[in-house]
Amino acid sequence: MKPAINKKAIVLGGSSGIGLETSRLLANQGVEVIVGSRRGVLDEPLSGVHVESVDVLDRQSLQSFLERHRQFDYLVNSATGGQRAVGPFLDMDIEGFRGSFAKLWGYTNSVHLGARHVKSNGAIVLVSGYPARRFKPGYIAISTVGNAVEGFVRGMAHELKPIRINAVAPGLIDTPMFSQQGHDREIFLSESTKDHLIPRAGKPEEVAKAIQFALENEFVTGTTIDVDGGALIH
Ligand SMILES: NC(=O)c1ccc[n+]([C@@H]2O[C@H](COP(=O)([O-])OP(=O)(O)OC[C@H]3O[C@@H](n4cnc5c(N)ncnc54)[C@H](OP(=O)(O)O)[C@@H]3O)[C@@H](O)[C@H]2O)c1
């Protein structure tokens, strides 16, 4: 039995990958965790984690979800949101480019509707990504969205204080966001990270630890924490 610490966390996108490991880590500490995702199911039940169906892009569904669970100490959003356009900007279907911003709309919806339900000594974390500041050819849409997320966090830290808000920017992490399986997956992950200072894909639990740090450390706000195996500086 874990010791209860009388804290409550909402983790949007907490049914898979980085969000799932964040939910596990918080629940293991005794935090009551409410996960929201479109499917509203966990592949395997987790003690201390309750899951519900909610779409971060559907403001009505999100509002009633957040109101049902107010007041909470922590709000984490790691929901991927939608499709990501890849390729050169000048050749890109502009609707695909715009569609990549679904992640930003999901994040901004959750802060717009959720911040009022976060306790005044609470904290918010949004998950960005290393392409925001490490440009790679073909990643202009993802890079632009990541920059917007990090800029939003820096600006909103002023408006939300004393509530803290931070971004965590993962490098390439081995999660179900990538659909390749078996040998193809191994090749993809190793090829994509071979020039990084730590030449492997990260584990979602390594990112979850940074999210936990940003939630708990009361002297951290308005910043981005990189957990990327040196991908930014390779
Ligand atoms: N993995 C990486 O290498 C990497 C690198 C840099 C940044 N990131 C960022 O890290 C975040 C988490 O990625 P991940 O790798 O953990 O992804 P993941 O394993 O695919 O998990 C995504 C989660 O988001 C939920 N979700 C997606 N759209 C949603 C919506 N509209 N409403 C509610 N929930 C939604 C999914 O559940 P449902 O399908 O049930 O909705 C799932 O729980 C994303 O923002 C991603 O861009 C990841």
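Helix 1 (17-28), strand 2 (32-37) and helix 4 (102-114) each contribute at least two residues to the shell around the ligand. Here helices (H or I, at least four residues) and strands (E, at least two) are DSSP runs, numbered from the N terminus. The structure is a predicted model, in which local features need pLDDT of at least 70 and side-chain atom pairs count only at pLDDT 80 or more, while totals for chains, interfaces and linings use all residues. Residues are numbered from 1 along each chain as its sequence is written.

Helix 1 gives the most to this shell, with three residues. Of the 29 residues around the ligand, Gly13, Gly17, Arg38, Gly129 and Thr175 come nearest; a residue counts as near if its C-beta atom, placed from the backbone, lies within 6 Å of the molecule. Sorted by class, the shell holds 12 nonpolar, 13 polar and four charged residues. In this sorting, Ala, Val, Leu, Ile, Met, Phe, Trp, Tyr, Cys and Pro count as nonpolar, Asp, Glu, Lys and Arg as charged, and the others, Gly among them, as polar.

A residue is buried if 20 or more other C-beta atoms lie within 10 Å of its own, exposed if 12 or fewer, and partly exposed in between, with C-beta atoms placed from the backbone.

Strand 4 (residues 72-77) has six of its six residues buried, so it is largely enclosed by the rest of the structure. Strand 4 runs parallel to strand 1 (residues 8-12), joined by four bridges, and Ile10 stands opposite Leu75. Five bridges pair strand 4 with strand 5 (residues 118-127), again in the parallel sense, and Asn77 has Leu126 as its bridge partner. Two strands pair if DSSP finds at least two bridges between them.
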